[in-house]
Amino acid sequence: MIDRRLLLLGLAGVLAASPLHAQTPAANEPAGIMTAIYTRVAKGKGEDGGNFVIADKAARAKYLSKALAAQWAKMDARTPKGEVGAVDFDPITNSQDPDVASFKVVSEKQEADKATIAVTLTGHRNDRKEQADNVIRYDLVREAGQWKIDDIRGAIDGKPWSIRDMLAEFIRLTDKPKRK
């Protein structure tokens with residue numbers, strides 16, 4: 001006959017390891033912030049995208065680091081009226097046509113003042129040819145006690161991109177020489 005205590009101990013171990021008891025990341029931690037963003041992105045049919053993160057100055061102040069927001073503002077100032085600028089796609093979904101059925105958030109690295117979070121997307125259509133195109137990495141920094149996105153990195157057709165690099169290149173190309 002199995003001892004009841006052993007049975008209960010075994011059952012408790014199984015329950016503790018079950019997904020029902022998986023810890024949800026804290027809302028003010030990098031993984032929690034990305035989970036909140038992608039929960040909103042994946043709502044409904046997952047076709048609304050994540051442009052709410054970068055839509056305007058107020059959104060960028062909420063989500064982006066001061067340095068990245070300043071770089072974005074510089075790009076905006078140099079973009080001719082009616083034009084798009086350096087970022088002509090939704091970097092949050094790595095697409096022109098968002099399709100997010102589900103997502104997985106993984107903390108790859110976290111220190112006291114910086115973190116890297118990888119988000120793997122699954123779409124309804126599953127039409128991406130390169131697996132790398134489904135993974136978006138976020139570099140976050142802690143500013144004034146809050147975590148902010150300092151770069152967004154991904155791949156298109158397997159070729160890597162970085163928002164910081166795109167903005168820097170656009171700014172460099174539109175830099176007007178000073179007259180003497």
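Trainee: Where in the chain is Asn 134 found?

Mentor: Asn 134 is found in the loop between strand 2 and strand 3, where helices (H or I, at least four residues) and strands (E, at least two) are DSSP runs numbered from the N terminus. This is a predicted model, in which local features need pLDDT of at least 70 and side-chain atom pairs count only at pLDDT 80 or more, while totals for chains, interfaces and linings use all residues. Residues are numbered from 1 along each chain as its sequence is written, and side-chain values use heavy atoms, with hydrogens and water left out.

Trainee: Is Asn 134 buried or exposed, and which residues is Asn 134 in contact with?

Mentor: Buried means under 20% relative accessible area, exposed means over 50%, and partly exposed lies in between, using a 1.4 Å probe and protein chains only. Asn 134 counts as buried, because its relative accessibility is 12%. Contact means heavy atoms within 4.5 Å, and on that basis Asn 134 is in contact with Val 119, Thr 120, Leu 121 and Arg 128, once neighbours within four places in sequence are left aside.

Trainee: Which elements does the protein have, and in what order do they run from the N terminus?

Mentor: There are five helices and five strands in the protein, and from the N terminus on they run α-α-α-α-β-β-β-β-β-α. Of the 180 residues in the protein, 38% are buried, and among the contacts with a separation of 6 or more, 54% come from residues 24 or more positions apart.

Trainee: How is a pair of helices read, and at what angle do the axes of helix 4 and helix 5 cross?

Mentor: Two packed helices are described by the angle between their axes and the distance between the axes. The axes of helix 4 (residues 66-78) and helix 5 (residues 163-173) come within 10 Å and cross at roughly 40°. That makes helix 4 oblique to helix 5, since angles under 35 degrees count as roughly parallel, over 145 as roughly antiparallel, 65 to 115 as roughly perpendicular and the rest as oblique. Axes here are lines fitted to C-alpha atoms, for helices over the stretch in contact, with angles running from 0 to 180 degrees between N-to-C directions.

Trainee: Which residues in helix 4 meet helix 5?

Mentor: Ala 67, Leu 68, Gln 71, Trp 72, Lys 74, Met 75 and Arg 78 in helix 4 meet Ile 163, Arg 164, Leu 167, Ala 168, Phe 170 and Ile 171 in helix 5. These contact residues divide into nine nonpolar, one polar and three charged, where Ala, Val, Leu, Ile, Met, Phe, Trp, Tyr, Cys and Pro count as nonpolar, Asp, Glu, Lys and Arg as charged, and the others, Gly among them, as polar. Ala 67 counts as partly exposed, at 42% relative accessibility, and, leaving aside its neighbours within four places in sequence, is in contact with Glu 143, Asp 150 and Arg 164.

Trainee: What is phi of Asn 94 near, and what is phi of Ala 144 near?

Mentor: Most residues other than glycine have a negative phi. Phi of Asn 94, however, is near 55°, and phi of Ala 144 is near 50°.

Trainee: Which residues does Ala 155 touch?

Mentor: Ala 155 lies in strand 4, is buried with a relative accessible area of 6%, and touches Asn 94, Ala 132, Asp 133, Pro 160 and Trp 161, not counting residues up to four places away in sequence.
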